[in-house]
Amino acid sequence: IVFLVDVAPAGATEPAAGWESTVRRVRADEPIVLGTDLSATRGDGVFETLGVLEGCPQAVDAHFWRLANSAELLELPAPNLEQWRVAMRVAGDALPTDRQGGIKLVLSRGVEGAGRSTGWLIATVADDDFANRTEGWKVVTLDRGYRHDLSEHAPWLLPGAKTLSYAVNMATLREAARRGADNAIYLSSDGFVMEAPQSSVLLRRGDTLITPKTDIGILPGTTQLSVFAIAAQWGLATEDRLVEASELLDSDGLWLLSSVKLATPITQVDGKSITVDRELSDKLNAALLARRE
Ligand code: PLP
């Protein structure tokens with residue numbers, strides 16, 4: 001289900017007919033993006049993917065924070081979050097309440113020379129049985145090719161921005177599959193754990209949940225934020241810090257976290273079996289599925 005958004009600049013006043021009037025449901029096969037749009041020709045734009053439970057988009061504020069941050073890093077006009085909030089609700093309302101789903105929000109720099117952003121939403125019912133949450137995944141570690149301090153010395157590479165240029169992330173997943181794995185964890189060239197192509201990394205060591213700190217050229221994960229909030233309620237300690245590659249193998253539990261798949265326990269790293277904490281896995285997924293905002 002696709003919605004075209006007539007993108008308003010941040011701070012624009014709501015039209016008399018409401019922000020709803022700027023969101024138009026289109027036929028799924030209706031052409032809505034010009035061939036000259038910079039999202040198509042250069043991957044020049046940003047996006048977010050939100051999980052939807054009972055028609056309710058999850059962690060909207062955290063996704064909007066990241067959207068605005070990504071836009072700022074790319075020097076795109078700031079998104080009008082009031083408008084996107086309404087658009088998100090319209091898209092969520094179009095999804096069935098008895099199925100899990102997702103909404104992808106795309107904000108492009110727009111047609112070359114037009115100086116105006118284009119944007120749209122794609123709402124989908126998940127055609128997934130989410131076996132990942134119970135069966136888990138095997139991962140391989142792959143070199144990302146840059147040091148953990150990339151943000152400091154090469155910010156023009158846009159570390160921390162969720163840009164539309166995901167060809168590299170998709171190629172990484174194909175490489176993982178070639179190596180017989182379900183997914184990959186990127187390591188910095190100096191040996192620190194970063195993230196997966198579409199997920200954040202979470203480890204348990206004793207009573208502490210650990211995630212790589214986000215100033216090492218990775219995305220701040222909205223699911224990881226939710227997990228840390230849940231962990232605090234359960235009395236578990238949380239840490240975001242540099243994580244050495246060797247810690248992946250001697251953790252007491254390892255997961256990939258993302259908005260639609262939620263928490264996927266990792267069963268093997270580079271062909272070696274690791275400790276799987278199925279109990280915490282099930283508890284985490286149940287808590288993530290119980291969220292309604
Ligand atoms: N890191 C990368 C590179 C991602 O693409 C994603 C999500 O797509 C994440 C981490 C996890 O983010 P979230 O939990 O907000 O889905």
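Modeller: Ala, Val, Leu, Ile, Met, Phe, Trp, Tyr, Cys and Pro count as nonpolar, Asp, Glu, Lys and Arg as charged, and the others, Gly among them, as polar. The model here is predicted.

Biologist: How does the lining of the largest cavity divide by class?

Modeller: Its residues are 6 nonpolar, 5 polar and 2 charged. Gly 51 is one of the residues nearest the centre, and Gly counts as polar by the definition.

Biologist: Why is this space called a cavity?

Modeller: Because a 1.4 Å probe fits there but cannot get out.

Biologist: What makes a residue part of the lining?

Modeller: An atom within 4 Å of a cavity point. For the largest cavity 13 residues qualify, and Gly 51, Leu 53, Gln 100, Ser 259 and Val 260 lie nearest its centre. Strand 3 (residues 45-53) gives the most to this lining, with 3 residues.

Biologist: Which domains does the lining of the largest cavity draw on?

Modeller: Domain 1 (2-125) and domain 2 (132-289), with at least three residues from each.

Biologist: What is the volume of the second largest cavity?

Modeller: About 50 Å³. Its lining includes Ser 200, Val 201, Thr 211 and Pro 212. Strand 9 (200-205) and strand 10 (208-212) each supply at least two residues.

How values were computed: Residues are numbered from 1 along each chain as its sequence is written. This is a predicted model: local features need pLDDT of at least 70, side-chain atom pairs count only at pLDDT 80 or more; totals for chains, interfaces and linings use all residues. Side-chain values use heavy atoms; hydrogens and water are left out. On a 1 Å grid over the protein atoms alone, a cavity is a set of points where a 1.4 Å probe fits but cannot get out, and a pocket is an open set with protein on both sides within 12 Å along at least five of seven lines; lining residues have an atom within 4 Å of a point. Helices (H or I, at least four residues) and strands (E, at least two) are DSSP runs, numbered from the N terminus. Domain bounds come from an automatic or database domain assignment. Grid points are joined across faces, edges and corners, and a volume is the space filled by probe spheres set on the points.
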